[in-house]
Amino acid sequence: MPRTSDRRLRTRIGYGFDSHEFRPGIPLKIGGITLPHDKGLGGHSDGDVLLHALTDALLGGIAAPDIGVLFPPSDAKWKGADSGIFVREALKRVNEAGYKVANVDASLILASPKIGPHSSAIRERVADMLGIPCDCLGLKAKTPEGLNLDNAAIAHVVVLLESRRTSHSQNTARKVNSRSPRAET
Ligand SMILES: [Zn+2]
């Protein structure tokens with residue numbers, strides 16, 4: 001059996017990557033928002049590339065099995081499914097492991113549509129899903145210059161997880177220190 005950590009880490013980092021191909025005639029879902037476009041993202045569930053990378057980042061942060069293992073694309077149950085389900089399940093596992101999301105940073109790479117006009121709505125929706133303030137969720141959109149990937153959407157996401165227990169004991173320690181300045185000497 002693999003060795004497990006015998007001490008709780010105060011913070012853990014999680015990273016997720018995903019890509020999907022554009023297909024005509026289906027809705028484009030990114031970050032839980034339907035964007036106006038003539039093509040959507042095919043493949044697993046509703047094809048929400050950002051939420052899939054986010055799910056994998058959350059799961060990776062606690063070394064849990066990844067999205068493809070927990071929600072196999074081969075299972076008809078997930079065809080067309082709302083990807084918010086995957087984020088909620090990953091978040092539940094993060095909470096059960098004793099962690100909470102501190103902040104998230106995401107990059108989207110796609111030729112079109114322009115993400116700028118929808119950036120606030122996406123950030124608001126995803127931050128709401130995670131229960132974090134909007135200023136703890138970074139979102140950048142890039143075009144795939146020189147990559148010859150104009151028919152794909154790609155997402156990279158990193159998350160920082162913080163131990164619930166540690167942040168509580170740190171706060172307690174801070175309070176104790178502020179009450180007893182002699183502890184500084
Ligand atoms: Zn995906």
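How many helices and strands are there in the protein chain? I counted five helices and seven strands. The model is a predicted one, and I kept that in mind for each entry below.

**Order and contacts.** I read the pattern along the sequence as β-β-β-β-α-α-α-β-α-β-β-α. I then looked up burial: 31% of the 185 residues of the protein chain count as buried. For contacts with a separation of 6 or more, I found that 73% are between residues 24 or more positions apart.

**Sheet.** I traced an open sheet of five strands, ordered S4-S1-S7-S5-S6, with mixed pairing. S4 and S6 are the edge strands, each pairing on one side only. From one strand to the next, the twist averages 20°.

I went through some of the pairs next. S1 (residues 11-24) pairs with S7 in the antiparallel sense over eleven bridges; in this pair I located Arg 12 opposite Leu 161 of S7. S1 also runs antiparallel to S4 (residues 39-41), to which three bridges join it, and Arg 23 has Gly 40 in S4 as its bridge partner. For S5 and S7 I noted ten bridges, again in the antiparallel sense, and Ser 107 stands opposite His 156 in S7.

**Helix H1.** At 1.5 Å a residue, the 13 residues of H1 (residues 49-61) should span 18 Å, and the end C-alpha atoms are 18 Å apart, which agrees. Just after H1, I noted a positive phi of about 55° at Ala 63.

**Core.** Which residues touch the most other members of the largest nonpolar core? Among its 37 residues, I listed Leu 50, Leu 54, Leu 58 and Val 157. The elements giving two or more residues to this core are S2 (28-30), H1, H3 (84-96), S5 (99-109), H4 (119-130), S6 (137-142) and S7 (152-163). H1 gives the most, with eight residues. In general, nonpolar side chains tend to be buried together in soluble globular proteins.

I looked at Leu 58 last. Leaving out residues up to four places away in sequence, Leu 58 touches Gly 14, Ala 90, Leu 91, Val 94 and Val 159.

Technical notes:
Residues are numbered from 1 along each chain as its sequence is written. This is a predicted model: local features need pLDDT of at least 70, side-chain atom pairs count only at pLDDT 80 or more; totals for chains, interfaces and linings use all residues. Helices (H or I, at least four residues) and strands (E, at least two) are DSSP runs, numbered from the N terminus. The expected span of a helix is 1.5 Å times one less than its number of residues. A residue is buried if 20 or more other C-beta atoms lie within 10 Å of its own, exposed if 12 or fewer, and partly exposed in between; C-beta atoms are placed from the backbone. Two residues are in contact if their C-beta atoms, placed from the backbone, lie within 7 Å. A nonpolar core is a set of buried Ala, Val, Leu, Ile, Met, Phe, Trp, Tyr and Cys residues joined through C-beta atoms within 7 Å. Two strands pair if DSSP finds at least two bridges between them. Axes are lines fitted to C-alpha atoms, for helices over the stretch in contact, and angles run from 0 to 180 degrees between N-to-C directions.
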